[in-house]
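Subject: Structure handover

Hello,

Here is the structure I promised to pass on. Please open it before you read the rest.

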Amino acid sequence: MTYTSTRGDTTPLTSAETIVRGLALDGGLYVPSAIPTPDKLPSSAYDYNEHALWVMSHYFTDYTPEELSGCINAAYGAENFDTPAVAPLVQTPSVAFLELFHGRTLAFKDMALSLLPHLMTTALKKTGNKNTQVILTATSGDTGVSALEGFKDVPGTKIIIFYPQDGVSVIQKQHMITQTGKNVSVIGVRGNFDDAQSEVKKIFLDKEVNAKINTDGYEFSSANSINTGRLVPQIVYYFYAYSQMIKGGMTRGDAVDFVVPTGNFGNILAGYYAKKMGLPISTLVCASNENRVLSDYFDTGVFDSDRPFYVTDSPSMDILVPSNFERLVHDLADKAALQNLTEKKKFTMPVPSDFVGYYATEKEMREAIKTMFTKHGYLIDPHTAVAYAAYVKKSTDSTKKDIILSTASPYKFPKTVMTSISDKYEKYDDFALLEKMSELTKRNIPTQFADLQSKEILHPTTVDVSGMKDAVLNSVYS
Ligand SMILES: *Cc1c(COP(=O)(O)O)cnc(C)c1O
């Protein structure tokens with residue numbers, strides 16, 4: 001298996017090379033030469049790590065099975081995940097949820113970001129690369145926390161995180177600005193996520209900056225969801241979820257629908273790859289919040305990112321320029337659309353039948369939290385609630401089984417979750433609400449958050465978008 005860029009650079013690279021580079025030199029994203037189509041699906045008796053090895057050995061063919069197992073075992077062990085199931089499938093009275101938030105930072109980003117540092121350090125050894133990797137990443141919240149946890153104090157790396165100053169939750173921000181680790185920098189940007197992401201891409205490709213840091217033994221890499229080392233690990237849990245459905249009594253071969261709360265299009269794209277590999281998925285339901293550029297596209301065939309940006313209570317989905325969409329457009333081999341995607345904000349492209357799109361307003365998201373808790377006794381976070389609201393809107397077809405991907409723990413968003421359940425919680429702040437949530441669910445506050453409020457602030461810096469480049473250089477040479 002080799003990889004090439006979506007934008008025409010056809011130099012074939014190994015997976016290890018793409019994992020180190022992150023973004024292609026022509027500004028495109030790396031894609032596999034072909035999506036593999038194995039003869040057989042993995043055994044439903046496999047545990048999570050066995051599913052991971054099965055999926056990854058089809059993509060990361062330049063890694064030995066021993067190298068892959070080493071990475072997988074280091075990523076999904078008890079130090080990082082609070083359950084041996086890793087991603088448990090929870091059947092509620094209403095619908096099944098695949099909980100992807102049992103890692104260190106309680107969001108689905110941990111599924112790939114607990115693995116990426118291992119894949120990357122192994123790749124550096126394999127390719128004989130001795131440069132210090134500067135992991136340069138823009139975050140809408142969860143990626144930042146998760147990447148920091150994954151890369152802190154990893155030898156041979158530095159990590160620089162940019163987050164939109166007013167676009168992440170109180171808890172997420174507190175988590176990032178108190179992050180320990182000798183190799184970490186966390187910087188607030190006075191702008192939104194799309195501003196931060198596009199400036200990061202520019203700095204990444206800036207010839208002068210690259211030349212300077214390269215002579216000093218540094219090079220850029222990315223922990224954003226454009227990295228193939230994030231995309232492939234996300235394919236795993238689609239297969240794993242299917243195996244859990246079979247264990248729960250479903251007939252092998254039955255089609256399922258996945259409902260995916262979508263922002264940068266990384267998670268749902270992994271589902272598309274799983275489908276093309278032969279997993280019996282009928283439809284991938286793209287759930288958007290009020291920044292509904294993607295659900296509108298799947299609904300109408302018109303992709304239009306020239307629209308107002310809303311700050312919502314599902315901040316990890318507040319994205320109008322979804323990076324990974326480029327991989328889908330490339331896979332559909334629509335050359336005109338690909339050119340339009342990079343040059344224009346608006347274009348049309350026939351909608352592939354694999355997807356449908358639905359969006360939820362803020363009010364619908366809040367109602368979804370309330371309904372799931374009061375009717376079904378299951379507490380969901382705002383992102384998962386957007387997906388649940390989309391699931392409710394989709395006309396249900398009883399021959400299909402639905403699985404909602406649950407992307408964050410409700411503990412990450414106490415204010416939105418608790419005030420959706422009752423307005424009596426309005427008067428409390430986020431930290432007090434962690435306690436209230438613990439009382440309500442009769443569960444302990446996750447240890448990660450227990451002492452968050454009293455931690456020392458280590459990263460107070462904020463910059464304008466125009467100051468990001470200097471901030472990067474300062475961090476590299478600090
Ligand atoms: C990142 C994130 C999403 C969006 O996933 P994409 O892969 O960017 O589409 C949804 N929910 C949560 C909680 C997230 O952290």
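This is a predicted model: local features need pLDDT of at least 70, side-chain atom pairs count only at pLDDT 80 or more; totals for chains, interfaces and linings use all residues.

**H2 and H3**

Start with the pair H2 and H3. H2 covers residues 48–59, and H3 covers residues 65–75. Their axes come within 10 Å. They cross at roughly 135°. That angle makes H2 oblique to H3. The crossing of these two helices is right-handed.

Which residues of H2 meet H3? On the H2 side they are Asn49, Ala52, Leu53, Met56 and Ser57. Across from them, H3 brings Pro65, Leu68, Ser69, Ile72 and Asn73. Sort the residues of this contact and you get six nonpolar and four polar. No charged residue takes part.

**H6 and H7**

Next, find H6 at residues 142–151 and H7 at residues 170–177. Their axes come within 9 Å and cross at roughly 30°. Angles under 35 degrees count as roughly parallel, so H6 and H7 are roughly parallel to each other. H6 and H7 cross in a left-handed way.

H6 makes the contact with Asp142, Gly144, Val145 and Leu148. H7 supplies Gln172, His175 and Met176. By type, the residues of this contact are three nonpolar, three polar and one charged.

**H15 and H17**

H15 passes H17 in a right-handed crossing.

Look at the residues that touch. From H15 come Met365, Arg366, Ile369, Lys370 and Phe373. They meet Thr416, Val417, Thr419, Ser420 and Ile421 of H17. The residues of this contact comprise five nonpolar, three polar and two charged.

**The ligand**

How many residues lie around the ligand? You have already met Asp142, in the contact of H6 with H7.

At Phe265, a backbone N or O atom lies 3.0 Å from an oxygen atom of the ligand. At Gly266, a polar backbone atom is 3.2 Å from a ligand oxygen. At Asn267, a backbone N or O atom lies 2.8 Å from an oxygen atom of the ligand.

Work through the helix pairs in the order above, then zoom in on the ligand.

Best wishes

Terms used
Residues are numbered from 1 along each chain as its sequence is written. Side-chain values use heavy atoms; hydrogens and water are left out. Axes are lines fitted to C-alpha atoms, for helices over the stretch in contact, and angles run from 0 to 180 degrees between N-to-C directions. Helices (H or I, at least four residues) and strands (E, at least two) are DSSP runs, numbered from the N terminus. Angles under 35 degrees count as roughly parallel, over 145 as roughly antiparallel, 65 to 115 as roughly perpendicular and the rest as oblique. A crossing is left-handed if the near helix is turned anticlockwise from the far one by less than a right angle, and right-handed if clockwise. Contact means heavy atoms within 4.5 Å. Ala, Val, Leu, Ile, Met, Phe, Trp, Tyr, Cys and Pro count as nonpolar, Asp, Glu, Lys and Arg as charged, and the others, Gly among them, as polar. A polar contact is a pair of N or O atoms within 3.5 Å; within protein, one must be able to donate a hydrogen and the other to accept it, and residues adjacent in sequence count only if both atoms are side-chain atoms.
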